[in-house]
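Here are my notes on this one, as numbered points. Have the coordinates open while you read.

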Amino acid sequence: ADVLLDVRDLVKHYPVSGGLRRQRRHSVKAVDGVSLQLRRGETLGVVGESGCGKSTLAKLLMLLETPNSGAAEFEGRDMFSLGRRDRTRLRRDVQLIMQDPYGSLNPRMTVEQIVGEPFDIHRDIAPRGDRRKLIQELLSVVGLDPDHHLRRYPHQFSGGQRQRIGIARALALRPKVIVCDEPVSALDVSIQAQILNLLSKLQQGFGLSFIFIAHDLSVVRHLADRVAVMYLGRIVETGTEAEIYDKAEHPYTQALLSAALDPSPDRRHENQVIQLTGDVPSPLDPPPGCRFHTRCWLRREIQTERGEAATELCETASPFSETEPAATGHHTACHFAPAWTPPIPD
Ligand code: SF4
Ligand code: MG
């Protein structure tokens, strides 16, 4: 496969000052050993509750943060040790669309200035041609009237239109990858579908690859070829769209699915609604063993069937494998998945 982005065992901890326990180094384990691959032309959905590390992962891939350890290659070159010139090129190749288009658009700049800004910042690599014409092309590509909007300001647009402006700007330098960080979660449901359709159309037209970050599995479904589910800084399950939505193996993924998707008639009898209990533990001090064990319904079921001792592994050993290839196959970080069934009494 044509791998565009190859991320291996990426770690980003944020130190916390004034920790109570002096002896121990306190840090937020935001991203704690993430491996993934993005192939050309595909969409990788990255899903998890807030605080799971998905936004930190986006910042690392945008070179807005430096990892503590691990590596990431973009088209075969180490992203974190590039010279200045190659860094600039990478900044053109990998663009970001953010959740809140209003917050990310300068209110004092006109649409023409906003969409054209990347041309000013990257004069040497900007596409050639008449500047205004290029901006007008970008506006019509995202479905905005290219003539009437140029001199307007962000506050004169609806949320959906502002997100289109953000997308036009992200496309200005003809990127290869767009990291979409919850691009529709601030929009009305009807507008969400329009923006998702636009992104899908642009992906085909421009041959783009997407990393699509969301807290909800239902949003990602429309676009994603593959999905990675994150929990407390780690990927707990990776698979194709079909593997994740129809054959999820990790109890956390199953709980997210159960919460996100309407129970369709054919699904109802096989899947009861799974409730996630308790809060997400602090990333300052993730639980030992399996990080999900404090909230895991499968662990509780196994304990009911076989007794407390049966799930000792959950509390003591990480089911997480750092060496698993992330680009292909269905990977699940759980000691008991996929094939746990209650034992037949003898
Ligand atoms: Fe649950 Fe244990 Fe699997 Fe973790 S390893 S997801 S606690 S069953
Ligand atoms: Mg976020």
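1. How many of the residues of E3 are buried? Five of its five, so to speak a mostly covered strand; buried here takes 20 or more other C-beta atoms within 10 Å of a residue's own, with C-beta atoms placed from the backbone. Thr43, Gly45 and Val47 cover one side, Leu44 and Val46 the other, and all are buried. In a regular strand the side chains alternate between the two faces of the sheet.

2. A word on ground rules. The model is predicted: local features need pLDDT of at least 70 and side-chain atom pairs count only at pLDDT 80 or more, while totals for chains, interfaces and linings use all residues. Residues are numbered from 1 along each chain as its sequence is written, and chains are lettered from A and ligands numbered from 1 in the order written.

3. The sheet is open and mixed, with seven strands ordered E6-E7-E8-E3-E9-E10-E11. Strands E6 (94–97) and E11 (331–332) are the edges, each pairing on one side only. Strands are DSSP runs of E, at least two residues, numbered from the N terminus; pairing takes at least two DSSP bridges.

4. E3 pairs in the parallel sense with E8 (residues 209–214) over five bridges, and Val47 stands opposite Ala214 there. E3 and E9 are also parallel, over four bridges, with Val46 partnering Ala228. E9 (226–231) and E10 (234–240) are antiparallel over six bridges; Met230 partners Ile235.

5. Around ligand 1 there are 14 residues, of which Cys290, His293, Cys296, Cys314 and Cys334 come nearest; near means a backbone-placed C-beta atom within 6 Å.

Technical notes. Buried ≥ 20, exposed ≤ 12 C-beta atoms within 10 Å, placed from the backbone.
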